[in-house]
Amino acid sequence: MSEPIIETDALGRDFSVRDGLRRRTVVAVDDLSLRVEAGESVGYIGANGAGKSTTIKMLTGILVPTRGAARTCGLRPVADRRRLAREVGVVFGQRSQLWWDLSVRESFSILAAIHGLSPERERRRTDELVERLEVGEFLGTAVRQLSLGQRMRAEVAAALLHSPRLVILDEPTIGLDVLSKQRLREFLLAERAAHDTTLLLTTHDMGDVERLCDRVLLVDRGRLVFDGTLTGLSRTVGAQRVLVVDLAEPTPDLAIADTEHLGSEAGGLRQRLAFDPEHTTAARVLAAVTERVEVRDLAVEEPDVEDVVRRVYSARGR
Amino acid sequence: MRTYWRLLLAGIRRQSTYRLAALGGLVANTTFGLLKVAVLFAAVRAAGGQLRGYDVGAMSAYIWLSQGLLGSVNLNGRTDLADRIKDGSVVVDFLRPLDVHAAAITTELGRSLFNLVPRGLPTLAIGVLLVGMDVPHGVTGYALGAAALLLGLVISGATVFLVGACGFWLVETRGLQVFYLVLSGFLAGLFVPISLFPDWLRTTAALTPFPSMLMYPVDLLSGRVVGAAALGLVGQQLVWLVLTLAAGQAMTRAGRHKLEVQGG
Ligand SMILES: Nc1ncnc2c1ncn2[C@@H]1O[C@H](COP(=O)(O)OP(=O)(O)OP(=O)(O)O)[C@@H](O)[C@H]1O
Ligand SMILES: [Mg+2]
């Protein structure tokens with residue numbers, strides 16, 4: 001097996017915070033051991049304050065861990081920070097890495113110089129990113145005059161300018177409208193397909209995870225509580241799927257074994273039945289319905305991931 | 001090297017976007033300069049035309065050069081670094097394949113160099129036209145003056161960086177900045193030439209990097225100090241350059257381990 005692109009061993013970080021007069025230790029990340037292979041796309045999720053950003057700062061050599069060790073791209077993040085910076089592209093959604101008082105174009109060109117790109121490579125990569133992220137229309141605008149959505153696109157381009165192997169995005173879609181989110185996700189998918197980059201992203205938007213990630217890591221109060229697929233995550237918390245049936249005639253609320261009747265519309269013409277995939281299947285529920293009444297149309301709704309995460313939090317006493 | 005050259009240019013470019021601020025600074029420099037003329041010329045005349053080696057021409061050169069450098073030599077203690085530590089954007093600096101210390105000083109130097117144009121030269125021109133002043137002697141005088149000026153600007157950036165870098169431990173460094181503001185202007189010779197200080201104060205000043213930032217470049221650019229004495233001042237500057245840069249490197253290395261990154 002090849003070397004993992006991210007590997008942590010019992011990684012932990014404490015902060016000392018003043019609480020009135022006393023000082024108190026906040027354990028931001030604790031006993032975090034994980035392994036991410038090159039080419040994976042990982043969603044790193046968790047509630048506010050769970051420790052996501054702290055983890056990212058340790059993985060990139062910005063924060064020094066209190067305990068444990070990390071390796072990113074085969075390098076020691078703190079000791080090899082500058083070499084690592086050439087391999088990783090990072091976007092912190094709420095911070096800018098562009099030069100506030102300069103134009104987007106100038107910012108890109110300074111970054112290209114910082115990363116030592118040849119003029120030819122700089123031009124090619126800038127053109128590619130400008131086109132794919134639709135940055136062209138405000139390339140000459142001062143960064144401080146951009147809208148949030150425009151700036152985010154420019155930020156992502158800036159982080160990817162040096163074609164990093166590993167892309168880490170800390171809330172890249174924060175504050176974006178639906179269309180902008182959609183575009184950014186499409187770009188990230190295309191970028192991954194084209195360059196086989198590894199993606200690690202934190203987000204509170206489950207759409208991001210659904211669309212972009214094939215693996216989910218869930219942290220809760222600094223600890224890793226789940227590592228697997230999104231479907232697997234839904235399963236562990238017993239999230240329900242929903243069968244929606246359109247019936248031939250108005251029907252009183254259906255009572256089907258192993259399902260929960262969620263509601264009826266149009267006088268019983270459309271009914272929604274929730275079921276736990278661990279206990280029954282969509283086919284079995286459908287069969288039970290057709291036994292009683294003719295079904296015109298049907299749809300199966302996948303669990304709402306936000307609901308999944310909410311369940312995890314509430315199950316752990318949040 | 002190309003990288004830091006590009007950062008220097010970026011520092012210049014960034015500063016160049018603030019034209020109105022430059023104009024405001026120029027007006028302030030000139031006003032304050034005329035005030036210094038009134039006070040210090042009176043002092044020279046009261047002393048019978050010669051005050052500790054300063055006649056009116058030398059005093060005028062001192063006044064307008066020191067005023068002209070005010071936009072370039074950082075005597076207010078404020079740094080980008082301090083702000084960036086406080087609001088957490090310093091994370092971005094650590095995400096780059098750069099020496100954070102060298103990059104900060106290079107950017108600051110770019111700012112300083114740019115300000116020589118809209119603030120330094122016009123202040124000098126106003127001084128020359130309104131009052132007249134002494135200038136360096138010959139090509140070596142100018143060359144040595146220019147070298148001293150460049151050294152002074154780097155020392156200024158390197159010293160004020162140390163104030164900002166205290167933020168790694170303290171987060172809030174405004175108190176230190178004020179302390180720096182009060183101390184640096186005085187000891188750099190901004191208000192009164194250092195030669196006019198009493199002996200003990202002159203010795204104290206020489207034990208700090210402040211005269212290297214302003215007084216020594218001014219002494220050389222005005223042609224007041226020449227020959228071996230001039231080389232001696234440049235030598236002192238080189239010592240301070242090495243000391244302040246080494247301290248900055250050490251503080252950055254130690255500070256990284258203290259850094260907590262504010263604001264999530
Ligand atoms: N500089 C700091 N000083 C003190 N405590 C901090 C600092 N940075 C983070 N913390 C604490 O560490 C914990 C984890 O914070 P972190 O920013 O990693 O959370 P997060 O998962 O990124 O949350 P969010 O979704 O809100 O961004 C929080 O309890 C936070 O208060
Ligand atoms: Mg965060």
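How many residues does the contact take from chain B and from chain A? The contact takes 31 residues from chain B and 35 from chain A, where contact means heavy atoms within 4.5 Å. This is a predicted model, so to speak: local features need pLDDT of at least 70, side-chain atom pairs count only at pLDDT 80 or more, and totals for chains, interfaces and linings use all residues. Residues are numbered from 1 along each chain as its sequence is written, chains are lettered from A and ligands numbered from 1 in the order in which they are written, and side-chain values use heavy atoms, with hydrogens and water left out.

Figure 1. L95(B), P97(B) and R256(B) supply 23% of the area that chain B buries against chain A, more than any other three residues.

Figure 2. Three salt bridges are counted between chain B and chain A, each a side-chain nitrogen of Lys or Arg within 4 Å of a carboxyl oxygen of Asp or Glu. R13(B) pairs up this way with E106(A), and their closest N and O atoms are 2.5 Å apart. On the side of chain B that touches chain A, helix 1 (2-16) and helix 5 (90-94) each supply at least two residues, and helix 1 of chain B gives the most, with eight. Helices (H or I, at least four residues) and strands (E, at least two) are DSSP runs, numbered from the N terminus.

**Figure 3. The largest nonpolar core.** Such a core is a set of buried Ala, Val, Leu, Ile, Met, Phe, Trp, Tyr and Cys residues joined through side-chain atoms within 4.5 Å. This one has 56 residues, and I45(A), V104(A), F108(A), L133(A), V135(A) and L233(A) touch the most other members. Helix 5 (residues 148-160) of chain A gives the most to this core, with seven residues. Zooming in on L233(A), and not counting residues up to four places away in sequence, its contacts are I45(A), V216(A), L218(A), F226(A), V308(A) and V312(A).

**Figure 4. D219(B) in its helix.** D219(B) sits in helix 12 (residues 215-221) of chain B. Buried or exposed? D219(B) is buried, at a relative accessible area of 6%; buried means under 20%, exposed over 50%, and partly exposed in between (1.4 Å probe, protein chains only). Leaving aside neighbours within four places in sequence, D219(B) is in contact with Y54(B), R224(B), V225(B) and L233(B).

**Figure 5. Two loop residues of chain A with positive phi.** S163(A) isn't a glycine, yet has a positive phi of about 50°. S163(A) lies in the loop between helix 5 and strand 6 (166-170) of chain A and is partly exposed, with a relative accessible area of 35%. R221(A), not a glycine either, has a positive phi of about 45°. R221(A) belongs to the loop between strand 8 (215-220) and strand 9 (223-228) of chain A, and is partly exposed at 44% relative accessible area.

Terms used. Buried area = accessible area lost by both parts, 1.4 Å probe.
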